[in-house]
Amino acid sequence: MAEEHDETHPQAMAIPKEGYSKKEQGRYGPIFPKTPACYGFTIIAKIKPGTEQEIRAYGKTLEAAVAGAPDVLAPLQLHYLRWVLFDIGGETYFMYQGIFDTDFDKYTEDAIALFSSTGITTIFTKLEGFPDDWKTNATAFIKFVRDHHHPSFLEYGEYPFVSAVDVKKALRMRKAFSVMLDESQ
């Protein structure tokens, strides 16, 4: 039976340094837990020299792809995505933070399938050590992500364990209810 959560009460979860309390094996390594913020990961990796402007430009490419087809990233079941470039010791690093509704293995498999089918490439190709054969070698893709993943030690959810689909449903219901109230006046 699935664990019950009250999504109307905020919740926090402290996570051990290993990234999980109970080690469960997935297809590609340990499964990181679902937290009040859902699933997610943070990657920090050095960028290939001279690619900073390409990475920034890719942000615009992704923005345009979503504007043109708002559901283009839907297979990833994302809540949020955050990209950051920063310097350490004169070298530029990239930080990827994603919060989503599927476990790590499914998210990465879905990402490979999405990027392979849409022609949109992953920004990870601009990161040092990312495998050239990532579209056909899920294991290498996942190894790169796991090798560069930095597990959080605390996650908080204002509306814990709620999926992006449930958030969208609630917003549609609120909108419909508002329209109904406006029409009845």
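The model is predicted, so local features need a pLDDT of at least 70 and side-chain atom pairs count only at pLDDT 80 or more, while totals for chains, interfaces and linings use all residues. Residues are numbered from 1 along each chain as its sequence is written, and side-chain values use heavy atoms, with hydrogens and water left out.

Three strands form an open sheet with antiparallel pairing, in the order S2-S4-S3; strands, like helices, are DSSP runs numbered from the N terminus (at least two residues of E for a strand, at least four of H or I for a helix). Two strands are said to pair if DSSP finds at least two bridges between them. Strand S2 (39-46) and strand S3 (78-88) are the edge strands, each pairing on one side only. On average, neighbouring strands of this sheet are turned by 10° against each other, direction ignored; the axes behind this angle are lines fitted to C-alpha atoms, and angles run from 0 to 180 degrees between N-to-C directions. Between S2 and strand S4 (residues 91-100), which run antiparallel, there are eight bridges. Within this part of the model, Ala45 stands opposite Phe94 in S4.

The aromatic rings come next. A pair of aromatic rings is described by the distance of the centres and the angle of the planes. Rings of Phe, Tyr and Trp (its six-membered ring) pair if their centres lie within 6.5 Å, and planes under 30 degrees apart count as stacked, over 60 as edge-to-face and the rest as tilted. The structure holds 18 aromatic pairs. In one of them, the ring centres of Phe115 and Trp134 are 6.3 Å apart and the planes stand at 75°, so this pair is edge-to-face. Phe115 belongs to helix H2 (residues 104-118) and Trp134 to the loop between H2 and helix H3 (138-148), so that distant parts of the chain, 19 residues apart, are linked. Both Phe115 and Trp134 are buried, where buried means under 20% relative accessible area, exposed over 50%, and partly exposed in between (1.4 Å probe, protein chains only). Phe124 and Phe130 also form an edge-to-face pair, at 5.8 Å centre to centre and 70° between the planes, and both of these residues are buried.

Arg27 and Glu109 meet in one of them (3.0 Å, N to O). Because Arg27 lies in the loop between strand S1 (11-14) and S2, and Glu109 in helix H2, the pair ties together parts that are 82 residues apart in sequence. Arg27 counts as exposed at 53% relative accessibility, whereas Glu109, at 27%, counts as partly exposed. Another salt bridge joins Glu91 and Lys46, with the closest N and O atoms 3.3 Å apart. Lys143 forms a salt bridge with Asp147 at 2.7 Å between the closest N and O atoms; being four residues apart in helix H3, Lys143 and Asp147 are separated by about one helical turn.

Definitions and conventions
Salt bridge = Lys/Arg side-chain N within 4 Å of Asp/Glu carboxyl O.
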